[in-house]
Amino acid sequence: MSLFFDHAEWICDRYDLESIRMDARVTTITDTGRNVEVDTTRDCITTRWCLLAVGHGRSFTYPEWATNLLSSNPVTHVWDPTFDPDAIGETASVGIVGGGITATQLATTVAQLPGRDVVLFARSPFRVETLEANTDWMHFSGVTEKLHAHPPASRAREELVTEVRYDGTIPPYVFRRLQRALEQGRIELERSEIAVATEAGGTVVTTCQDGSAYCFDDLICATGFGSPYDGELFRHLRQQSTLQTGYRGAPVLDDDTLRWMRQNGTPSRIAVSGVAAQQVLGPFARNVIGAKRAGTLITGFLESELDAEKQEVEL
Ligand SMILES: Cc1cc2nc3c(=O)[nH]c(=O)nc-3n(C[C@H](O)[C@H](O)[C@H](O)COP(=O)(O)OP(=O)(O)OC[C@H]3O[C@@H](n4cnc5c(N)ncnc54)[C@H](O)[C@@H]3O)c2cc1C
């Protein structure tokens, strides 16, 4: 992990990325034909090209019982920007909801302090897999043709990605750590699902479907991400722009360049990478290797566009 962070820091220094960073949230993007207008919480910027690499854009999955409690402590989501694991008390009782890699890693980390009581709510049996999908999908050739055989942004593509992803799985080394913590009694495993949760003076009281009850100082949902097309920016673009969308709001992307297609069938000046490009790149679109592949495709078409523009100027 530290090697990855060192590498990321080296890249930032090498390209002086800090000097081009604007600390602002993008609220709207408009493809005007010749340019792209990017509205932010600070300024409006006009640019020739725009790459949307917004990840899940704060689209998370919550259990139904949590929806009325989320705006208030002590219930939170692990990916909520306000969640701070260092703020958990040394002797706190902590409930963690979820049965995938994030929930199990969080549980084993939180349980490292012996004064804490940690309960992991995992309703299904743990599934152990080394990777999130078959390694064939890491090569982005051959197997991605299975996706491209279906229309862009179609239900068939979305279902294929879902089918081949091993969602909710845990790698063996994380599972071993969990097993040790369970054997040593540092984590209690609760298989029954929470039915009701009620806030009570800074704590939360939960009742499970089998009738068992707990009281927690912190209850953390590690229940995964929602649809990448339901993030704030994608939802806004779906309603406001002339860009094409398909099944469940997926962007209609060109398979060779990842450019978002306009409703008139021409490619826009907006390209998409990350999880929202999964219907083109497959289940690893959201991983580092998928980001690298998207980078290759996008810089490839940008270079040829710039060459063509240069030739036009010379003529
Ligand atoms: C726990 C965990 C472990 C992982 N482990 C691995 C691993 O071992 N190997 C691997 O390959 N991948 C791993 N991944 C996946 C890896 O993190 C992703 O590949 C990578 O983060 C995806 O990069 P991204 O740029 O597409 O999106 P993100 O990293 O999600 O970045 C999106 C960025 O866009 C910003 N943003 C969103 N909306 C707006 C807006 N409206 N305006 C401005 N900014 C906005 C966000 O603040 C964020 O900074 C892991 C992910 C998690 C969560």
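Guide: Domain bounds come from an automatic or database domain assignment. The model discussed here is predicted.

Visitor: How far apart do the C-alpha centres of domain 1 and domain 2 lie?
Guide: The assignment gives two domains, each made of two segments: domain 1 covers 27-57 + 230-314, and domain 2 covers 64-131 + 166-221. The C-alpha trace of the chain spans about 75 × 45 × 40 Å along its principal axes. Between the C-alpha centres of the two domains the separation is 36 Å.

Visitor: Which helix gives the most to the shell around the ligand?
Guide: The ligand has 15 residues around it, and those that come nearest are Val-54, Gly-55, Gly-274, Asn-287 and Val-288. By type, the shell divides into seven nonpolar, six polar and two charged residues. The helix that gives the most, with three residues spanning part of 288-314, is α8.

Visitor: Which elements each supply at least two residues of the largest nonpolar core?
Guide: This core has 31 residues, and the members touching the most others are Leu-253, Leu-258, Trp-260, Val-272, Ala-276, Ala-277 and Leu-281. At least two residues each come from β4 (50-52), α6 (232-240), β13 (259-261), β14 (267-272), α7 (278-281) and α8.

Visitor: How many residues are in the second, separate core?
Guide: Among the members of this other core are Val-94, Ala-103, Ala-197 and Val-204. The number of residues in this second core is 26.

Visitor: Is Phe-140 buried or exposed?
Guide: Phe-140 is found in the loop between β7 and α3 (145-148), and Leu-281 is in contact with Phe-140 as well as with Thr-144, Gly-290, Arg-293 and Ala-294. Most residues other than glycine have a negative phi. Phe-140, not a glycine, has a positive phi of about 55 degrees. With 20 other C-beta atoms within 10 Å, Phe-140 is buried.

Visitor: How many C-beta neighbours does Leu-258 have inside 10 Å?
Guide: Leu-258 lies in the loop between α6 and β13. Its phi is positive, near 60 degrees, in a residue other than glycine. Leu-258 counts as buried, because its C-beta neighbours inside 10 Å number 26.

Visitor: Which residue of β7 stands opposite Gly-95?
Guide: Strand β6 (residues 93-97) is largely enclosed by the rest of the structure, because four of its five residues are buried. β6 pairs with strand β7 (residues 117-121) in the parallel sense over five bridges. In β7, the residue opposite Gly-95 is Val-119.

Visitor: What covers the buried residues of α2?
Guide: Seven of the 10 residues of helix α2 (residues 101-110) are buried, so the helix is largely enclosed by the rest of the structure. The buried residues are Thr-102, Ala-103, Thr-104, Leu-106, Ala-107, Thr-108 and Val-110. The cover over them includes β6, β7, α5 (172-183), β8 (187-190) and β12 (218-221).

Visitor: Among contacts between residues at least 6 apart in sequence, what percentage join residues at least 24 apart?
Guide: The secondary structure of the chain comes to eight helices and 14 strands. Of its 315 residues, 29% count as buried. For the contacts in question, the share joining residues at least 24 apart is 61%.

How values were computed: Residues are numbered from 1 along each chain as its sequence is written. This is a predicted model: local features need pLDDT of at least 70, side-chain atom pairs count only at pLDDT 80 or more; totals for chains, interfaces and linings use all residues. A residue is near a molecule or strand if its C-beta atom, placed from the backbone, lies within 6 Å of it. Ala, Val, Leu, Ile, Met, Phe, Trp, Tyr, Cys and Pro count as nonpolar, Asp, Glu, Lys and Arg as charged, and the others, Gly among them, as polar. A nonpolar core is a set of buried Ala, Val, Leu, Ile, Met, Phe, Trp, Tyr and Cys residues joined through C-beta atoms within 7 Å. A residue is buried if 20 or more other C-beta atoms lie within 10 Å of its own, exposed if 12 or fewer, and partly exposed in between; C-beta atoms are placed from the backbone. Two residues are in contact if their C-beta atoms, placed from the backbone, lie within 7 Å. Two strands pair if DSSP finds at least two bridges between them. Lists of a residue's contacts leave out its neighbours within four places in sequence.
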